[in-house]
Amino acid sequence: GEIITTVLIILLVLAAVVIVWQVVKSTVTTGTEQIGTGLDCATLSLTIKSAVDGNSTDTIVVHREIGVSDLRKIRVLVKGTALANDVNASGFDELEDFTINNINLGILAFEKGDEISIAPMIGDKNQLCGISDTKDAV
């Protein structure tokens, strides 16, 4: 009787340890991924050099500063509203300028004085970082 009780207690303790380990492991893994993404967002800097209302072809020129991140796309917001399509920016390297217009975005319509914002999207999952820069269109 005592042996069976002791074995059952040991099995319960082992089961509890396994359950606690699974919870701790998933929490640590998720936290580590979030820290990595946050650091990538923090090291990536995009600035709007110009946002020009060209009547039929509006154009935004974005400059990428030094920062090692896996930039995949750029989300463009006009007056705080995201456009329907995000811009593919996978070939946009550090210290380069990148032009966004109707050709690579589809419908891009804004007027002089409209607030234009950009937000980078990084990694395989296109993780959206915060607004990187804002500029009024001219």
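**A strand and its surroundings**

Author: Let's start with strand S2, residues 59-64, which is joined to S6 by 4 bridges, with the two strands running antiparallel. Strands here are DSSP runs of E with at least two residues, helices are runs of H or I with at least four, and both are numbered from the N terminus. Two strands count as paired if DSSP finds at least two bridges between them. In general, strands of a sheet pair through backbone hydrogen bonds, either parallel or antiparallel.

A word on what you are looking at: this is a predicted model, in which local features need pLDDT of at least 70 and side-chain atom pairs count only at pLDDT 80 or more, while totals for chains, interfaces and linings use all residues. Residues are numbered from 1 along each chain as its sequence is written, and side-chain values use heavy atoms, with hydrogens and water left out.

To see the pairing, find Ile-60 and look across to S6, where Ile-100 stands opposite. S2 and S6 belong to an open sheet of 3 strands, in the order S1-S2-S6, with antiparallel pairing. At its edges are strand S1 (46-52) and strand S6 (97-100), each of which pairs on one side only. S6 also has two faces to compare: Phe-98 and Ile-100 are on the covered one, while Asp-97 and Thr-99 are on the uncovered one.

Now pick out His-63, another residue of strand S2. Is His-63 buried or exposed? His-63 has a relative accessible area of 15%, so it counts as buried. The cut-offs are under 20% relative accessible area for buried, over 50% for exposed, and partly exposed in between, using a 1.4 Å probe and protein chains only.

The side chain of His-63 has polar partners too. One is the side chain of Asp-97, in a polar contact of 2.7 Å. A polar atom of the His-63 side chain also lies 3.4 Å from the backbone oxygen of Glu-96. (A polar contact is a pair of N or O atoms within 3.5 Å; within protein, one must be able to donate a hydrogen and the other to accept it, and residues adjacent in sequence count only if both atoms are side-chain atoms.) If we set aside neighbours within four places in sequence, His-63 is in contact with residues including Ser-45, Leu-46, Phe-92 and Leu-95. Contact means heavy atoms within 4.5 Å.

Next, look for Thr-134 in strand S9, residues 133-136. Thr-134 has 35% relative accessibility and therefore counts as partly exposed. Its side chain makes a polar contact of 2.9 Å with the side chain of Ser-117. Leaving aside neighbours within four places in sequence, Thr-134 is in contact with Ile-48, Glu-115, Ile-116 and Ser-117.

There is also a covalent link to find. The whole structure holds 1 disulfide, a disulfide being a pair of cysteine sulfur atoms within 2.5 Å. This one joins Cys-41 to Cys-129, with 1.9 Å from S to S. The torsion about the S-S bond of Cys-41 and Cys-129 is about -75 degrees, so the disulfide is left-handed. Both cysteines, Cys-41 and Cys-129, are buried.

Finally, zoom out. The chain has 2 helices and 9 strands, following the pattern α-β-β-β-β-β-β-α-β-β-β along the sequence. Of its 138 residues, 29% are buried. Among contacts with a separation of 6 or more, 60% are between residues 24 or more positions apart.
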